[in-house]
Amino acid sequence: MNLLFPLGLAALAAWLLPLLIHLARRHPYTPLDFAALRWLRAQIRPRQRIRFDDWPLLLVRLLLLAGLALLLARPALTGPAPAPTAWTVVAPGLDATALRGTAEAGNWHWLAPGFPAIDQAPSATSGSLPSLLRELDAQLPVGTALTVHVPDPLPGLDGARLQLSREVQWRPQPMPVTAQPRAATPPRLRVHSDASATAQHWLNALQRAWGVQAPPSPLAGDAVPERGEIGVWSRSDALPAHWQAWLRDGGRVMTAGKPAASASILLRDAQGAPLLWQQRIGHGYLLALPGDWNAASNAALRDPQLPRALLLALQPPTAPRLGDARDQAPRRTALPAATPPLREPTPWLLLAILLLFALERWMASSSRRRGPA
């Protein structure tokens, strides 16, 4: 047993209070003179010893004060806690009845938001299975055994290998694949209406390299690109006001020419020369290619690696959402040595103090105490 606040034991000095009260309230002894004894020779009186009257009441009061002092010191018990109940979770869509079989005992739950019991219907709102496992791992006490039944292939992957703080019994269950994830579509480039022929020619070639069969038509008049599109400004003058407002509101605009001093390099060629700069403007980004839009005079635009590198920079590949469940078995992270859990017996100590107080009041107000001394 440890004390979280050892200074609380200083309250034991209150033991002096009941001791002084019992010494002050001793039964008085009144001397009586007998005529036949007055001629006897006086002898030395024996030394008077300290005596306590009603010592059981004194003991109860001392125990009550000791309990209060111990409560202030906050005792805590250390040592191995009782082994927590093992958990078994089942991903929605699996046959939990068949997996459970005849084993009615056990702590079975759905791997769904809120982790409802297996006898209840899982939540209609589905979540990512890896995210739910991380949440469950953070909620379960240390040392809780965990068994996980997941479909194979495993959906909802988020691109990071699952790492948990405990060993997991990983049980993939084969399931038919109903749909394949769609490939991401390349970004759409929209150029203003009066774009130069050389810029329009290079942009069309870039879109064909990305697999876009019919490049979008130039913007009409003073229109701006739609949300999700990338605007291309091929003129050498500054962006007009409505394009600047669209850029600050979260759009992306690509230009060619000398970038601003605050721009950072986003792409380089094989020799290390910059191919694309990026500058944050409000909530959007201003992208700058080197040189001008004439591919005949700008060697950077003729770089064979530029289309793919530019596509990866503008639209990074999405992480796979479906994978082999056996390859996604969680890894156990290296955690520091766990300290023994602390358990404060505060409720039991309060109960003992209340019982001692009730006993002290009963003994102090009993008929034996109210009788004449």
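A word on exposure before you click: buried means under 20% relative accessible area, exposed over 50%, and partly exposed in between (1.4 Å probe, protein chains only). This is a predicted model, where local features need pLDDT of at least 70, side-chain atom pairs count only at pLDDT 80 or more, and totals for chains, interfaces and linings use all residues. Residues are numbered from 1 along each chain as its sequence is written, and side-chain values use heavy atoms, leaving out hydrogens and water.

Start with R74 and E344. They form a salt bridge (a side-chain nitrogen of Lys or Arg within 4 Å of a carboxyl oxygen of Asp or Glu), with the closest N and O atoms 2.6 Å apart. R74 sits in the loop between helix 2 and strand 2 (75-76), and E344 in the loop between strand 16 (331-332) and helix 8, so the pair ties together parts 270 residues apart in sequence. Helices (H or I, at least four residues) and strands (E, at least two) are DSSP runs, numbered from the N terminus. Both ends are partly exposed: R74 at 39%, E344 at 33%.

Next, select E360 and R61, another salt bridge, at 2.7 Å between the closest N and O atoms. E360 belongs to helix 8 (residues 346-364) and R61 to helix 2 (residues 55-73), so this pair ties together parts 299 residues apart in sequence. Here E360 is buried at 5%, and R61 is buried at 18%.

Last stop: R190 and E229, a salt bridge at 3.4 Å between the closest N and O atoms. R190 is buried at 12%, and E229 is buried at 7%.
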